[in-house]
Amino acid sequence: MNDAATPIPHHALDAEATLVAFDTGRGGLSQDEALRRLDQHGPNRLPEPPKRSPVLRFLRHFHNVLIYVLIAAAIVTAVLGHFIDTAVILVVVIANAVIGFIQEGRAEQAMAAIRDMLAPHTSVLRDGERRTVDSADVVVGDIVLLEAGEKVPADLRLFETKGLLVQEAILTGESLPVEKSTAAAAANAPLGDRTAMAFSGTLVAAGTGRGVVVATGPATEIGRISGMLSSVETLTTPLVQQMDRFSRWLTVLILLIAAILLAFGYFLEHFAFADMFMIVVGLSVAAIPEGLPAVLTITLAVGVQAMARRNAIVRRLPAIETLGAVSVICTDKTGTLTRNEMMVASVVTAGDAFMVEGEGYAPEGAIRRGETVVDAGENQALREIARAAALCNDAVLNGENGNWTIQGDPMEGALLALARKIGGDTPSPRAEWRRVDEISFDARHRYMATLDRNTHGTTLASAKGAPERILAMCATQRRPDGGSEALDEHAWNEAAEAIAAKGQRVLAIATRTMADGHAALGHADLEGKLVLVGLVGLIDPPRPEAIAAVVQCHEAGIRVKMITGDHAGTAAAIGRQIGLQNPDRVLTGTDLDMMDDAALSNAVAETDIFARTSPEHKLRLVTALQSRGLTVAMTGDGVNDAPALKRADAGIAMGLKGSEAAKEAAELVLADDNFASIVAAVREGRTVYDNIKKVISWTLPTNAGEALTIIVALLLGMALPVTAIQILWINLVTSITLGIALAFEPTEENTMRRPPRPRGESLLSAGLTWHIVLVSLLFLAGVFGIYAYAIDQGHSDVLARTMAVNTIVVLEIFHLFFIRNLYGTSLTWAAVRGTKMVWATVLGVTAAQFAFTYVPFMQDAFGTVAVSPLDGILIVGIGIVFFAVIEVEKQLRLALLAGKA
Ligand code: ATP
């Protein structure tokens, strides 16, 4: 919203003028004012893309070849005067569409809920303080802080930039990031040339910046063209698409066969056309797996929800399938395998080593040299470490009622706690010093430095970072008496190794006094000129649940690899604690740089720890692992991780500390950044794939069995054991209901003890084809058997058919119990007990079947009569025999496979 309707556009205005125009300042709005503006202008959200109307969505369920056939059938039966059949066909068709409509609605709701979980956040200044707010709550006049990887939440007039590069492809189509500055542009400059503006929806590729919000929601540039943003993820995956195509071609094939049979029956066997027509309609309904795509969609939606409950938010649905096939997980260390709750545990200065005690971020704890507690305030080197640690730091430490928390980077929070432990009651260095300039942390150069000036005009540079990086910039080191001496690089390296070997993250701290008035900090000011003051070691304990998850991965044939920017020694120690397979072999980024692709492809197989890597290495590692035929999941959080996340089979972004850029590139976002959630997602991925397989393995044989019954009867010139209308009932009412139960199947017990599924595994495997053949033949035998038996007993045709229909439904139910356990026996108590969903559907279908058989108006509609209890028991008996046969056959197969393994 642009409430200060200035005639001059903001990009052409001076930044100060914009601040004034929006009645705000560099310290931001007050929280109250921001809330008032939010109330007045509404949330910073683009209008939702128009939804398809429910009527249209409902009608779409009639857009299907089978339904057209049925509607034709309804017309033909009406013309022939078979009005009951017409009515039944129409009711069934409508019931089918209603079921589909409700299911689709549920699946879409599930997806919408997931989308809400991915709502972006933004850092703003309110009441002069940095706060993280929902991007939807940003208002005009807010001061927004931009950092690499973030998505610009609204249109901003920038008033401060530091190496700010913004990727504006979404607006301008230009894929290279453009450099931003604060200089005003000409009023008529095209969008891409308005360098002082950052536009909503674009991504910060590097650097930092601050700007004042000039437009939100629909008033932003992207809001004006928001039509192009309305891409809504549809509920489909390659597998489901494949099944969709398969069903479509199968439909064509079946319709062809039906036409041939129609000709055959009418011309050669001289059946009446009306009878023949109903037979082929029955055949089409029997054979076409029309319910399959809908049930598969439900299966996916159930999977998406299950993953969300385990903190894994699926951004792209195909990831569900890929996750089930993952054979390598490449993960970050800090925060994913470890808790990212840091505490400084050791400090090393020239000639001295200290242990730091304490708990969490509380700034209380003794500093010891061996057994003796030292007065840290008296130690010049420690005091200097405390000062640099507090100044070269962006975190904030808060303590309320003894509960200490931090805002910002946990490592910096831990350094603040250390500074207070050393400084005791003396005022924080931040009170005395004011930051003049900074070199912000970047994973590529692995250090951060600040330039601060105190009230006396003294200017100080403070740096912290990876020891080898900081050491390389130091010429001297701080002596215990406060003076300086030549740097003993060897001793420092040894000290760093010793700290790292304990699994602690090592940071080196260095300073330099600058000439008075020095105002800008560059690498050249530090290179070779810093004085090394000391090293600090930070503990960051592994997450216990990550250790358990690594064990699960190994059982599931999934290799876990740690890719970290941390020191090799620290990485190896943590790798050991976490239980990685080969913790003694560590490759560093430098090692990787020296390898060509072939050497790398060999090395990656047996190496599980990669240290001192930069994001670019991740991309090479993914490619190398993929070249070995592995299916790779890769985690990432920074903006530079995006290419590796895109390249990985399953890119996984961190929800808490991850940048928007990483989230956009990823297929999956972890709400809790926890490694254990990845493994839970893999488990769900395998479950969903199994359930898809179960739905297919259950549906296809049922359809094939029914179709075969009709074809055989027709070819042998026999009366049909089930009528077309009855088949309609079986397929469009009972089958779909039963099939859905499989979408809700829980994870099978041995799911995470199987090796990952091969990448190109075909769904219609030899095993499944054989299962289809076997079950179809058994269905055929069961149906003809009971029909022949009934006729033999002198029962009427109508009763014989009623018994045949009931037999099919009973066989379907037993088949369902069988399919539930693809990889184990179905005869355990847990298997028989089933799930609520299974019993609910089985009871529902049984009740429907009783109505079908015994309720007079249903009898009239479907041509059925009551079946005697004895015959009923016989039908269930057939189901039991069928179950016994296929279960024994499965055990035989499993025994054979076990023998091979
Ligand atoms: P992990 O994979 O364990 O999550 P990472 O890859 O995120 O680690 P980086 O954050 O890239 O690791 O950090 C790499 C190294 O850079 C660290 O080991 C540390 O030495 C240094 N470092 C990290 N953060 C900072 C910071 N804020 N200031 C200075 N140096 C830092």
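Which residues in α25 meet which residues in α28? On the α25 side they are Lys694, Ser697, Trp698, Pro701, Thr702 and Glu706. On the α28 side they are Ile808, Glu812, His815, Leu816 and Ile819. To meet here is to be in contact, with heavy atoms within 4.5 Å.

Some ground rules. This is a predicted model, in which local features need pLDDT of at least 70 and side-chain atom pairs count only at pLDDT 80 or more, while totals for chains, interfaces and linings use all residues. Residues are numbered from 1 along each chain as its sequence is written, and side-chain values use heavy atoms, with hydrogens and water left out.

Now the overall picture. The protein has 901 residues, and 53% of them count as buried. Buried means under 20% relative accessible area, exposed means over 50%, and partly exposed is in between, with a 1.4 Å probe and protein chains only. The C-alpha trace spans about 115 × 70 × 55 Å along its principal axes. There are 32 helices and 28 strands. Both are DSSP runs, numbered from the N terminus: helices are H or I with at least four residues, strands are E with at least two. Take contacts between residues at least 6 apart in sequence: 71% of them join residues at least 24 apart.

Next, domains. The assignment gives domain 1 (3-42 + 113-231), domain 2 (239-309 + 682-900), domain 3 (312-338 + 544-680) and domain 4 (380-533). These bounds come from an automatic or database domain assignment. The centres of domain 2 and domain 3, taken over C-alpha atoms, are separated by 42 Å. Their contact takes 21 residues from domain 2 and 25 residues from domain 3.

On to the inside. The largest nonpolar core has 162 residues. Such a core is a set of buried Ala, Val, Leu, Ile, Met, Phe, Trp, Tyr and Cys residues joined through side-chain atoms within 4.5 Å. Helix α25 (residues 675-715) gives the largest share, 16 residues. Domain 2 and domain 3 each supply at least three residues to this core. Leu668 is among the residues with the most contacts inside it. A second, separate core has 31 residues, among them Val347 and Ile509.

Back to our helix pair. Two packed helices are described by the angle between their axes and the distance between the axes. For α25 and α28 (residues 797-819), the axes come within 10 Å and cross at roughly 155°. Axes are lines fitted to C-alpha atoms, for helices over the stretch in contact, and angles run from 0 to 180 degrees between N-to-C directions. The two helices are therefore roughly antiparallel, a label for angles over 145 degrees, with under 35 roughly parallel, 65 to 115 roughly perpendicular and the rest oblique.

Last, two loop residues. Most residues other than glycine have a negative phi. Asn311 has a positive phi of about 70° and is not a glycine. Asn311 sits in the loop between α10 (292-309) and β8 (312-314). Asp673 also has a positive phi, about 60°, and lies in the loop between β28 (668-670) and α25. Buried or exposed, which is Asp673? Asp673 is buried, at 5% relative accessible area, whereas Asn311 is partly exposed, at 29%.
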